[in-house]
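Biologist: I'm new to this one. Can you put it on screen and walk me through it?

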Amino acid sequence: MSKIHAEHVFTSESVSEGHPDKVCDQISDAILDACLKVDPQSRVACETLVTTDLVVVSGEITTKAKVEWEEVVRKVCSDIGYNDRTIGFSASDCKVFICIHGQSPDISQGVTAGTGLHREQGAGDQGMMFGFASNETKELMPAPIVFAHKIVQELARLRKTFPRKYRYLRPDSKSQVSVRYKKGRPVKVETIVVSHQHSPEMRRADLVNLVKKVSAKVIPAELMKGRVTYHINPTGSFEVGGPHGDTGLTGRKIIVDTYGGVGSHGGGAFSGKDPSKVDRSAAYMSRYVAKNIVAAKLADKCEVQVAYAIGVAQPLSINVDTYGTGVIENDGDLEKLIRKVFNMTPAGIIRTLKLKQPHKNGWCYQDTAAYGHFGRDGFPWEKTDKVAELKKAAAPFLRKGRRRKALVVKR
């Protein structure tokens, strides 16, 4: 069983929607959305590459939808803010290559109910997926990744909302936040790093002041007391950025997408994959499970691992680690609760989280493709609607007289 360090500093990073890897994630997910909106049974595994003046979309897509692939690509790039041909990548002028074919029939028969060796819909691949939750923030997420996301997200909002005032900001940026913990609780932000692409005429002082203002806005004041070290564009200049400065690929920011390095990661990326791929759907479900366990105050921290075999419906294993914070003596008993309360089969996950037609429930996959898949309102795996059911199921396992105190950072 894992232990909580008495005191340590942990760092997480985020990248903005204009980072080249995130451009790719958003294009891949926009294509997925376009397919699912017309054909909920679409099978999509879409990969994107971007570089100077070029977008390449490839992968395996089987769908009844008639999608204007190039139109989708250009809209995503334009909405991000790549509309200036002088910076080496522009939505209107970049070359777009489409290299798409259908899904392998060998994979299809394993994930289509009644066509493979097993009658029920099986997992789209083998592998293990993880979900995590912690009550150290109101989002039930690790503090460093929450704050890193919020910094670049707010800078992007200002860039888009006030284009004249912040005309020196360009779309590509990165953040990094180091947080000091004592006995499992975040107590102070030690260091903030921001690198933001900018125009040649930007005054460095303007960016420094803006980053400090944004950081103070999105991070709780009690964590910003005392000296905070800032490194803002530490190389001195960041004019060349985005796809012109670095080649981007779908699925290359898997730690940014999840928990910022806290807990474990199964290695699978999310964007561009339809929900039959458990790399994505089971990771969402594992977050849903872990978050409800923490919200039910059955643990202060919780990590859930699930493992699948391609074509097989039931998970091969479910493992739970509460890092010694659980109110149930044996974390292994939580597996029994999970199997009782949650349907962990691929079909059950899709039904529970309504993953095939997200637009009918007010969200889309492209929404997930920047600023983290977890810890933001609006996604079904962020709901805590299983708390009462979990508490009831857990009652026979609870330690007598055990009371746990939430460590929530209040805003």
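**A first walk through the chain**

Modeller: Start with burial. Buried residues make up 55% of the 411 residues in the chain. Buried means under 20% relative accessible area, exposed means over 50%, and partly exposed lies in between, with a 1.4 Å probe and protein chains only.

Biologist: What should I know about the source of the model and the numbering?

Modeller: This is a predicted model, where local features need pLDDT of at least 70, side-chain atom pairs count only at pLDDT 80 or more, and totals for chains, interfaces and linings use all residues. Residues are numbered from 1 along each chain as its sequence is written, and side-chain values use heavy atoms, with hydrogens and water left out.

Biologist: How many helices and strands are there?

Modeller: Twelve helices and eleven strands. Both are DSSP runs numbered from the N terminus: helices are H or I with at least four residues, strands are E with at least two.

Biologist: And what about the radius of gyration?

Modeller: It is 22 Å for the chain, which agrees with the value near 22 Å for a compact globule of 411 residues. The radius is taken over C-alpha atoms, and the globule rule is 2.2 Å times the number of residues to the power 0.38. The C-alpha atoms fill a box of roughly 65 × 60 × 30 Å along the principal axes.

Biologist: What do the contacts say about sequence separation?

Modeller: Take contacts between residues at least 6 apart in sequence: 74% of them join residues at least 24 apart. Contact means heavy atoms within 4.5 Å.

Biologist: Let's zoom in. Where does Glu17 lie?

Modeller: In the loop between strand S1 (7-15) and helix H1 (20-38).

Biologist: Buried or exposed?

Modeller: Glu17 counts as buried, because its relative accessibility is 8%.

Biologist: Which side chain does Glu17 pair with in a polar contact?

Modeller: That of Tyr371, at 2.6 Å. A polar contact is a pair of N or O atoms within 3.5 Å; within protein, one must be able to donate a hydrogen and the other to accept it, and residues adjacent in sequence count only if both atoms are side-chain atoms. Beyond its neighbours within four places in sequence, Glu17 has contacts that include Lys22, Asp79, Arg159, Lys160 and Tyr371.

Biologist: Moving past H1, where is Ser42?

Modeller: Ser42 is in the loop between H1 and strand S2 (43-51). At 3% relative accessibility, Ser42 is buried too. Its side chain reaches the backbone oxygen of Asp39 at 2.6 Å. Outside four places in sequence, Ser42 is in contact with Cys35, Leu36, Thr62, Thr63 and Asp274.

Biologist: New topic, tyrosines. Where is Tyr168?

Modeller: In the loop between helix H4 (143-161) and strand S6 (169-182). Tyr168 is buried, with a relative accessible area of 10%. From Tyr168 to Pro200 is 32 residues in sequence and 7.8 Å in space, C-alpha to C-alpha. Among the residues Tyr168 touches are His198, Met202, Asp206 and Leu210.

Biologist: And Tyr230?

Modeller: Tyr230 sits in strand S8 (residues 229-232). At 23% relative accessibility, Tyr230 counts as partly exposed. Leaving out residues up to four places away in sequence, Tyr230 touches Ile192, Val211, Lys212, Ser215 and Met224. Tyr230 and Phe379 are 32 Å apart, C-alpha to C-alpha.

Biologist: Which residues have a positive phi without being glycine?

Modeller: Two examples. Lys297 has a phi of about 60 degrees, and Tyr323 has one near 55 degrees. Most residues other than glycine have a negative phi.

Biologist: Where do those two lie?

Modeller: Lys297 lies in the loop between helix H8 (278-295) and strand S10 (301-308). Tyr323 lies in the loop between strand S11 (317-321) and helix H9 (332-341). Tyr323 is buried, at 13% relative accessible area.

Biologist: Last stop, His265. What does its side chain reach?

Modeller: The His265 side chain reaches the backbone oxygen of Ile254 at 3.4 Å. A polar atom of that side chain also lies 2.8 Å from the backbone nitrogen of Gly267. His265 is in the loop between helix H7 (254-257) and H8, and is partly exposed at 25% relative accessible area.

Biologist: How far is His265 from Met129?

Modeller: Their C-alpha atoms are separated by 6.7 Å, yet the two are 136 residues apart along the chain.
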